[in-house]
Amino acid sequence: MKVKVINRSAFELPRYQSELAAGLDVRANIDDSLTLGPLQRAMVPTGLFVEIPEGYEIQVRPRSGMAAKFGLTVLNSPGTIDADYRGEIKIILANISSEEFILNPGERIAQLVLARHERAEWEEAGELSDTARGTGGFGHTGRE
């Protein structure tokens, strides 16, 4: 699937880090280091502008290594970039650790996953069909 991209960053285009990777690693397009204190968040520019095909979205997801090692994550994860958005992709990063995190220019900060989606058409109803689960949710199956 080809996606048109304008790269106004100082860095290479996002790329897959392994042969079977689902996400393209995207980089921080910043001129100077950025310090995120504990529980701080920032909108980090990427310098990327895309034209996503109709019927697709780009999901923005955290990088697992950054989350596990440093407590750096993407808020509203997964974020969605809609096909009609033409602005710069910015990543909402949050430091959920108790330590400062210094983000350097060009550092890989998130993953972008191209995903097909459907559009729902609501059909109002007076009742829904029964299932074994019923209305059980939010931990109804216990901790085991």
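View 1. Phenylalanine 70 is partly exposed, with a relative accessible area of 39%, where buried means under 20% relative accessible area, exposed over 50% and partly exposed in between, using a 1.4 Å probe and protein chains only. This is a predicted model, in which local features need pLDDT of at least 70 and side-chain atom pairs count only at pLDDT 80 or more, while totals for chains, interfaces and linings use all residues. Residues are numbered from 1 along each chain as its sequence is written, and side-chain values use heavy atoms, with hydrogens and water left out. The structure holds one aromatic pair, formed by phenylalanine 70 and phenylalanine 101, which is tilted at 5.3 Å centre to centre with 55° between the planes. (Rings of Phe, Tyr and Trp, the last by its six-membered ring, pair if their centres lie within 6.5 Å; planes under 30 degrees apart count as stacked, over 60 as edge-to-face and the rest as tilted.) Because phenylalanine 70 lies in helix H1 (residues 64-70) and phenylalanine 101 in strand S11, the pair ties together parts that are 31 residues apart in sequence; helices (H or I, at least four residues) and strands (E, at least two) are DSSP runs, numbered from the N terminus. Phenylalanine 101 is buried, with a relative accessible area of 7%.

**View 2. Strand S7 and its two partners.** Five of the six residues of S7 are buried, which leaves this strand mostly covered. S7 runs antiparallel to S12, to which six bridges join it, and arginine 61 has glutamine 111 in S12 as its bridge partner. Three bridges also pair S7 with strand S9 (residues 79-81) in the antiparallel sense, and here isoleucine 58 stands opposite isoleucine 81. (Two strands pair if DSSP finds at least two bridges between them.)

View 3. Arginine 63 is found in the loop between S7 and H1 and is buried, with a relative accessible area of 16%. Its side chain reaches the backbone oxygen of arginine 108 at 3.2 Å. Not counting residues up to four places away in sequence, arginine 63 touches Asp25, Arg108, Ile109, Ala110 and Gln111, contact meaning heavy atoms within 4.5 Å.

**View 4. Isoleucine 109 and the largest nonpolar core.** Among the 25 residues of this core, Val44, Ile91, Leu93, Leu103 and Ile109 touch the most other members. (A nonpolar core is a set of buried Ala, Val, Leu, Ile, Met, Phe, Trp, Tyr and Cys residues joined through side-chain atoms within 4.5 Å.) Leaving aside neighbours within four places in sequence, the contacts of isoleucine 109 include Val26, Ala28, Arg63 and Val74.

Technical notes
A polar contact is a pair of N or O atoms within 3.5 Å; within protein, one must be able to donate a hydrogen and the other to accept it, and residues adjacent in sequence count only if both atoms are side-chain atoms.
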